[in-house]
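Here's a quick tour of one protein structure. Keep the picture open as you read.

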Amino acid sequence: MTYKDIRHNKEVNELLKKGNQNLGLLGYTDHSQDHCVRVAETAAHILKKFGYSEHDIELARIAGYMHDIGNAINRNRHAEYGGLLANEILKQYDLIIPDRITIVSAISNHDESTGGACGPHLGSPHHR
């Protein structure tokens with residue numbers, strides 16, 4: 001499973017489309033696929049700068065692209081809803097369980113009002 005696969009997933013893209021429509025009605029700025037591509041690519045750029053593996057970078061790209069799918073349900077707690085939606089969507093791919101959980105955790109914790117850091121935290125990006 002790759003970032004390219006998730007960018008072409010019809011369910012993910014429909015969730016992003018609906019979430020962006022919902023937020024637009026509430027007066028929020030862009031949360032479209034373009035926003036999610038920028039988040040995915042920015043996450044990849046940051047992890048590359050810190051020396052993370054290509055595998056970890058790919059997981060960050062996937063999580064970055066999917067991070068706002070929960071807005072299709074509700075803006076409040078959208079990170080947690082997004083994690084639950086992502087978990088179900090990602091089960092259709094050949095991801096190993098720890099990778100799926102890493103992506104789901106990143107999505108579920110991306111909102112600073114309800115989440116927190118959930119990635120590698122033992123000092124070195126080469127810990128894994």
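This is a predicted model: local features need pLDDT of at least 70, side-chain atom pairs count only at pLDDT 80 or more; totals for chains, interfaces and linings use all residues.

## Helix H2

H2 is 16 residues long and spans 23 Å from its first C-alpha to its last, close to the 22 Å expected at 1.5 Å a residue.

Which residues of H2 are buried? They're Val12, Asn13, Leu15, Leu16, Gly19 and Leu23. These residues cover an arc of only 155 degrees around the axis, so they sit on the same side of H2. Their cover includes H1, H3, H4 and helix H5 (78-90).

At the start of H2, Asn9 has a side-chain oxygen within 2.9 Å of the backbone nitrogen of Glu11. After H2 comes Gly27, which has a positive phi, near 90 degrees.

## His31 in the loop

Now look at the loop between helix H2 (10-25) and helix H3 (33-49), where you'll spot His31. Is His31 buried or exposed? His31 is buried, with a relative accessible area of 10%. Leaving out residues up to four places away in sequence, His31 touches Leu16, Asn20, Leu23, Asp68, Asn71 and Arg75.

## A pair of rings

The model has one aromatic pair. Tyr3 and Tyr65 form this edge-to-face pair, at 6.2 Å centre to centre and with 80 degrees between the planes. Tyr3 belongs to helix H1 (residues 3-7) and Tyr65 to helix H4 (residues 54-66), so the pair ties together parts 62 residues apart in sequence.

Both partners are tucked away: Tyr3 is buried at 8% relative accessibility, and Tyr65 is buried at 1%.

Note on methods: Residues are numbered from 1 along each chain as its sequence is written. Side-chain values use heavy atoms; hydrogens and water are left out. Helices (H or I, at least four residues) and strands (E, at least two) are DSSP runs, numbered from the N terminus. Buried means under 20% relative accessible area, exposed over 50%, partly exposed in between (1.4 Å probe, protein chains only). Contact means heavy atoms within 4.5 Å. Rings of Phe, Tyr and Trp (its six-membered ring) pair if their centres lie within 6.5 Å; planes under 30 degrees apart count as stacked, over 60 as edge-to-face and the rest as tilted. The expected span of a helix is 1.5 Å times one less than its number of residues. The arc is that of the directions from the helix axis to the C-beta atoms. A polar contact is a pair of N or O atoms within 3.5 Å; within protein, one must be able to donate a hydrogen and the other to accept it, and residues adjacent in sequence count only if both atoms are side-chain atoms.
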